[in-house]
Amino acid sequence: MLTNLPAGYHDNPYPHYAFLREQAPVCAQPDGSFIISRHADLDMIYRDNARFISDKKKVFTPKFGTDAPLFEHHTTSLVFNDPPLHTRVRKIMVGAMNPRALASMEPGLVTLVDGLLDEMEGAGEVDLIEAFAGAIPIEVIGNLFNIPREGRGPLRDWSLAILGALEPQLTPEQEVRGNKAVLDFVTFLTEIVADRRLRPGDPQTDVLTRLIQSEEGQLSPVELYQNCIFILNAGHETTTNLIGNALWLLSEDRVAREGLIVEPKLITTAVDEFLRMESPNQFGNRLTTEDMTLHGTHIPAGTDLHMSIGAANRDPAQFENPDVLQLARRPNKHLAFAGGAHTCVGLTLARMEGRVAIGKFLERFPKYEITSGATRAARIRFRGFSKLPALLG
């Protein structure tokens, strides 16, 4: 399925996910891997770090080659590692995402969002990805690392090239772009890290300073650079998709939109419902460490498992009326932030960005209309729009 997608998959993968959950919850792929699609199974796998590991060296060696920049990046970053590296980096990041740091960021986020809304006022038709959803996280993460504003221009393109290389099918052009993006990113960070060593910021609010000061006995230079890239990428792409997907969902469901406008306090639970309905990250991966049987299917040790987050988040065994947007849904045990030891460390920041951005957008432009030309990015792992044109009203 992953290398031979059915027609219409990118526009609406959910009927295909439903088929997998019901008929093939452990779906064999031609390369010996399996798609896992039920919520209970993903939840179990995320919580079992002994039988299901995140290390991807075995998977990425034939894909990238061990000398490739993409291999170095994706086998060194937090998300594709297990302890001890995962433990070291995650501990640093959790400390950096402390309540003081996040609270200090919200006023700046509000100012940023208000400024973007001011720029769109009276503009007629705008692309909500370029003008709004994609512009927010690049500034937030840039501020988190205290990256000079004039140097942030290439970050989005580098991020898309590096994350795009995670797709099941990689074209030669994507591979070249991805490898170049990693090299360019490292060069960019080398200058910034050297400057930050001379002029450190506040480690309570400056993530880069915190990573550098924790580097002694903690992170090697390669680990430092590649995890900076990972954090910048992860914080950008998923939040862009969260905001864009939410605005699209609300354009499709006028009743839900009106309910959120009338009762703006719903935005807190609404953000999690947007994450469940249209998960920015649709797939994760784990590698088995021992032979096992799941739903009657034998899975050998060393097998790559494709964790279908998008399918699990619409599993009727976990969610009542899973295909219906319910802004006040509680409980909402979605897996958009993964789970277990690998639960996304930036989830509180992402929720804050979504809450502020979507809430203030609706307050300013309650009658917006998505126009023709909305384009889904043709990717499997990440779900979002490359273009989302709208009239703001």
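Mentor: Before we go on, a word on the ground rules. This is a predicted model, in which local features need pLDDT of at least 70 and side-chain atom pairs count only at pLDDT 80 or more, while totals for chains, interfaces and linings use all residues. Residues are numbered from 1 along each chain as its sequence is written, and side-chain values use heavy atoms, with hydrogens and water left out.

S5 (283-288) and S8 (304-308) are antiparallel partners, joined over five bridges. Strands here are DSSP runs of E with at least two residues, helices are runs of H or I with at least four, and both are numbered from the N terminus; two strands pair if DSSP finds at least two bridges between them. With S2, S8 pairs in the parallel sense over three bridges, and there the partner of Ile35 is His306.

Is S8 buried or exposed? Five of its five residues are buried, so S8 is largely enclosed by the rest of the structure. (Buried means under 20% relative accessible area, exposed over 50% and partly exposed in between, with a 1.4 Å probe and protein chains only.) In a regular strand, side chains alternate between the two faces of the sheet. Here both faces are covered, with Asp304, His306 and Ser308 buried on one side and Leu305 and Met307 buried on the other.

Now step back to the whole sheet, which is open, has five strands in the order S1-S2-S8-S5-S3 and shows mixed pairing. S1 (26-28) and S3 (52-53) stand at the edges with a single partner strand each, so one side of each has no neighbour in the sheet.

Next, look at the loop that links H14 to S5, where Glu278 lies. Glu278 and Arg383 meet through their side chains in a salt bridge (2.5 Å, N to O). That term needs a side-chain nitrogen of Lys or Arg within 4 Å of a carboxyl oxygen of Asp or Glu. Arg383 sits in the loop between S10 and S11, so the pair ties together parts 105 residues apart in sequence. Both ends are buried, Glu278 at 2% relative accessibility and Arg383 at 7%. The two also belong to a network of salt bridges with Arg314, Asp323 and Arg376.

The loop that holds Arg383 has another link: Arg379 meets Glu237 in a salt bridge of 2.4 Å, N to O. Glu237 is in helix H12 and Arg379 in the loop between S10 and S11 (385-387), so this pair joins parts 142 residues apart in sequence. Arg379 counts as buried at 16%, and Glu237 does too, at 1%. As for H12 itself, 26 of its 32 residues are buried, so this helix is largely enclosed by the rest of the structure.

Methods: Contact = heavy atoms within 4.5 Å. Axes fitted to C-alpha atoms, helices over the stretch in contact; angles between N-to-C directions.
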